[in-house]
Amino acid sequence: MNLLAEIAHLNPDPALLLCLEDALKKAQQDALIVTQKTAQITALEIKANIIQAALKISDTKNAALSFELAYYRRLHYGKKSEALTSTQKDLFDETEVADIAAIHIELDQLKSELAGLPAQPKLPRHRAGRQPLPAHLERIVHHHDISDCACGQCGKTMHKIGEDITEQLDVEPARFYVHQHIRAKYACRACEVIQTPAVPAAIIDGGSVAPGLLAYIATCKFLDHLPLYRIEEIAQRQNVHLPRSNLANWIGHIGVALQPLAERLSELLKQGTCLHADETPVQQLDPGQGKTKRAYLWAYRSNALENDPPLIVFDYQTSRAGQHATHFLQGWQGHLMVDGYAGYKALFKTDIIELGCWAHARRKFHELWLNNQSKIGEIAVHKIATLYKIEQEAKDHTPEQRLALRQAQAQTQLEDLRSWLINTRLTIAEGSATAKAMDYTLKRWDALARYANTGHLPIDNNPIENAIRPIAIGKKNWLFAGSERAGKRAATIQSLFATAKANHLDPHAWLKDTLEKLPTWPN
């Protein structure tokens, strides 16, 4: 409807019509201005929302990067322990103790010199008292007596009323000695036949090295992580010539001789219904490229909560592909305790049931608490600590008693933890370190909580990590494996050594006895 045309039909005063025309135009212009300003305001609001969202994303990324930076700084410069106790030991505590002892001795000497008396240095004693020396060690007895039994004051004969016994711990460095075998020879002059006792079978036929020395070399290399050139230098100090080529040759013989035992160890391990699994990277020499390449030592351990002797097996492979775990565990069924590595996922599509590691879940919250002073991280760590307190209480229980305790206490704590995680997660921004820690736990909740429904399944993967740790430390000495064959040989020997240690056997004594028996063992 045209308002001006309708008014014109009424024959108004031209001046009035002109005035109305101007007023209508102004109103239309004002309306247009209002519309434009409204559109501008809407556009600014949309832009502000976009900027606000971008800032939120930026803050989240910044928090994630700050967390990552703090994590790597602590990893490089700080303590790596995740224990809640505040009485953490300094890496260089032994230096502090040595310095304090030296200062006490120097003070005692100074006091004696100032008093004009001969210096009598005294070592400071700990209030707790000296620990007794191990009872199983050989005792070499030295008798000490006075030269004159006459009393220095009255001259009468003194009578023995007892003894003071003190003990000092001593050690002999590696002591080399020679076994000289003398075999009598007999001849029959009539038959012209010579007889002599047979030479005992040995790992190295006709070799000049005894099983004890072979065990010593293997122990030094694979347990003490001494490169062969250092073993050569140790022998040289006693004028014993042990060329590295000979040492390497003997290690090769040991690896071949022990291979059947390692294979049998794997067979026994896979008779269990619950296993731990983990992997650690190692460097392997890549001669064609003039550098090293990454390989992996896959580790498997029997269930620490079962009463059977613990078994540990290392499997050396050239990659971290999940197919290696699939191949090793082919045909096996049971519960497998692992971390969140995706390489194990294919196993859980078979008859293998996943167990989640609470130590890995806790570690992510611990990093939040330590690096970002996150209150959420602190609460989560203390809630998880409650689960471990229950496990500590059940440490010496039977599986039936442990199950009852877990049903009575652990399952309630797990339900409370899960509810808290779900409710708190709704308030956390996507992509943040806190969100990632919570998502890791919630996505794997079924696997993490599965242990509490039984009395024999473990809560975490720490037993296998503890078995790997000495090898991870040793890598700083031996740096890399010389070849794939060398890596597999090391895995064979390390498997047997780790199992011996887990069963509280002296690895050197066990290997010496084994190398003596192997050549004539019927199986």
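Is Phe176 buried or partly exposed? Phe176 is partly exposed, because its relative accessible area is 21%, while buried means under 20%. Keep in mind that this is a predicted model.

**Salt bridges**

- Side chains of opposite charge can pair when their charged atoms come close.
- The count for this structure comes to 16 salt bridges.
- One of them joins the side chains of Arg444 and Glu354, with N and O 2.4 Å apart. Arg444 sits in the loop between α11 (433-443) and α12 (445-449), and Glu354 belongs to strand β7 (residues 352-356), so this pair ties together parts that are 90 residues apart in sequence.
- Arg444 and Glu354 are both buried.
- Glu354 and Arg444 also belong to a network of salt bridges that includes Lys345.
- Another salt bridge brings together the side chains of Glu465 and Arg363, at 3.5 Å from N to O. Here too, distant parts of the chain are linked: Glu465 is in helix α13 (residues 462-478) and Arg363 is in helix α8 (residues 358-372), 102 residues apart.

**Aromatic rings**

- A pair of aromatic rings is described by the distance of the centres and the angle of the planes.
- The structure holds 5 aromatic pairs.
- In one of them, the ring centres of Phe176 and Tyr216 are 6.3 Å apart and the planes stand at 85 degrees, so the pair is edge-to-face. Phe176 lies in the loop between α3 (93-114) and β1 (186-188) and Tyr216 in helix α4 (residues 211-222), so the pair ties together parts that are 40 residues apart in sequence.
- Trp298 and Tyr344 make an edge-to-face pair too, because their ring centres are 5.9 Å apart and their planes are at 80 degrees. This pair links distant parts of the chain, with Trp298 in strand β4 (residues 291-302) and Tyr344 in the loop between β6 (334-338) and β7, 46 residues apart.
- Both Trp298 and Tyr344 are buried, and together with Tyr341 they form one aromatic cluster.

**Charges over rings**

- Lys221 lies over the face of Phe222, 5.5 Å from the ring centre.
- Lys270 has its charged end over the ring of Phe328, at 4.7 Å from the centre.

- In soluble globular proteins, nonpolar side chains tend to be buried together.
- The largest nonpolar core here has 45 residues, and those with the most contacts inside it include Leu214, Trp250 and Tyr344. Helix α6 (residues 244-269) gives this core its largest share, 8 residues.
- Which residues does Leu214 contact, leaving aside its neighbours within four places in sequence? They are Ile203, Ile204, Val209, Trp250, Ile254 and Leu515.
- Another core lies apart from the largest one and has 35 residues, among them Cys357, Leu421, Tyr440 and Leu448.

Key. Residues are numbered from 1 along each chain as its sequence is written. This is a predicted model: local features need pLDDT of at least 70, side-chain atom pairs count only at pLDDT 80 or more; totals for chains, interfaces and linings use all residues. Side-chain values use heavy atoms; hydrogens and water are left out. A salt bridge is a side-chain nitrogen of Lys or Arg within 4 Å of a carboxyl oxygen of Asp or Glu. Helices (H or I, at least four residues) and strands (E, at least two) are DSSP runs, numbered from the N terminus. Buried means under 20% relative accessible area, exposed over 50%, partly exposed in between (1.4 Å probe, protein chains only). Rings of Phe, Tyr and Trp (its six-membered ring) pair if their centres lie within 6.5 Å; planes under 30 degrees apart count as stacked, over 60 as edge-to-face and the rest as tilted. A charge sits over a ring if NZ of Lys or CZ of Arg is within 6 Å of the ring centre and within 35 degrees of the ring normal. A nonpolar core is a set of buried Ala, Val, Leu, Ile, Met, Phe, Trp, Tyr and Cys residues joined through side-chain atoms within 4.5 Å. Contact means heavy atoms within 4.5 Å.
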